[in-house]
Amino acid sequence: MARAGLTADRLTQAAADLADEVGFENVTVSALARRFGVKDASLYSHIRNAQDLRVRLAVLALAELADRVAEAIAGRSGKDALVAFASAYRRYAHEHPGRYSAMQMALDPDTAADSAAGKHAEMTRALLRGYDLWEPDQTDAVRLLHSTFHGFVSLERSGAFHSHPRGVEASWLRALDALDSLLRAWPA
């Protein structure tokens, strides 16, 4: 019988909230059980183990971000779509730092295929088609965009940019200008 109204979805949502509060690396079955006021064993009716919980959290975060990005880029193309995509990505990372960290976790191929990872890839590729980029250049550009967005957000979150007088927002917008220019003039 379920205790304290526990379900896998409720545990995953609570783990996501916990990750944002204390960091993804600190999400444990014990910490989650404490949050619900139950023994660890009560959770194992709903999740297999800590790894299963982390995977569920990563899948949730991917879906949340995919929904945000889809809403942000709807009806946009070119630079407008790029800026909307990147801004949704960055905003999500700041609002949900633990979930963002969870998204960086490598998923097994079956889990990745069943998650919103494919939606992310398709949205990114649709954005790149607006720049008239096709394979194999699309794959390279997808990797460039993810590396740039993730690198900037990770450095920003770590405080690495705060010692310079130029505002972080100005650098972010300039980086997006540079990406737009690069994508429009992608080398043959």
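## A tour of the model

Tyr89 and Tyr100 are both buried. Please keep in mind that this is a predicted model.

How far apart are the ring centres of Tyr89 and Tyr100, and how are their planes set? The centres are 5.5 Å apart and the planes meet at 85°, so this pair counts as edge-to-face, the class for angles over 60 degrees. Tyr89 belongs to helix 5 (residues 78–95) and Tyr100 to helix 6 (residues 97–103), so the pair ties together parts that are 11 residues apart in sequence.

A second ring pair is formed by Phe152 and Phe161, and it counts as tilted because the planes are at 50°. Phe152 is buried, with a relative accessible area of 10%, whereas Phe161 is partly exposed, at 25%. Here are the two pairs side by side:

| Ring pair | Distance between centres | Angle between planes | Class |
|---|---|---|---|
| Tyr89 and Tyr100 | 5.5 Å | 85° | edge-to-face |
| Phe152 and Phe161 | 4.9 Å | 50° | tilted |

The count of aromatic pairs comes to six. Ring pairs link Phe85, Tyr89, Tyr100, Phe149, Phe152, Phe161 and Trp172 into a cluster.

Now let us turn to the helices. Two packed helices are described by the angle between their axes and the distance between the axes. Helix 1 (residues 8–22) packs against helix 4 (residues 50–73) at an angle of about 80°, and their axes are 9 Å apart. That makes helix 1 roughly perpendicular to helix 4. On the helix 1 side, the contact includes Leu11, Gln13 and Ala19, and among the residues they face in helix 4 are Leu53, Arg56 and Glu64. By class, this contact of helix 1 with helix 4 has eight nonpolar, two polar and two charged residues.

The UniProt record, an unreviewed entry, annotates residues 28–47 as "DNA-binding region".

Most residues other than glycine have a negative phi, and most peptide bonds are trans. Which residues are joined by a cis peptide bond? They are Glu135 and Pro136, with omega at about 5°. Pro136 sits in the loop between helix 8 (117–129) and helix 9 (137–158). Asp132 lies in the loop between helix 8 and helix 9 as well. The phi of Asp132 is positive, near 60°, and Asp132 counts as exposed because its relative accessibility is 57%.

Methods:
Residues are numbered from 1 along each chain as its sequence is written. This is a predicted model: local features need pLDDT of at least 70, side-chain atom pairs count only at pLDDT 80 or more; totals for chains, interfaces and linings use all residues. Side-chain values use heavy atoms; hydrogens and water are left out. UniProt positions are given in the numbering used here, feature names are shortened, and annotations may be inferred rather than shown by experiment. Axes are lines fitted to C-alpha atoms, for helices over the stretch in contact, and angles run from 0 to 180 degrees between N-to-C directions. Helices (H or I, at least four residues) and strands (E, at least two) are DSSP runs, numbered from the N terminus. Angles under 35 degrees count as roughly parallel, over 145 as roughly antiparallel, 65 to 115 as roughly perpendicular and the rest as oblique. Contact means heavy atoms within 4.5 Å. Ala, Val, Leu, Ile, Met, Phe, Trp, Tyr, Cys and Pro count as nonpolar, Asp, Glu, Lys and Arg as charged, and the others, Gly among them, as polar. Rings of Phe, Tyr and Trp (its six-membered ring) pair if their centres lie within 6.5 Å; planes under 30 degrees apart count as stacked, over 60 as edge-to-face and the rest as tilted. Buried means under 20% relative accessible area, exposed over 50%, partly exposed in between (1.4 Å probe, protein chains only).
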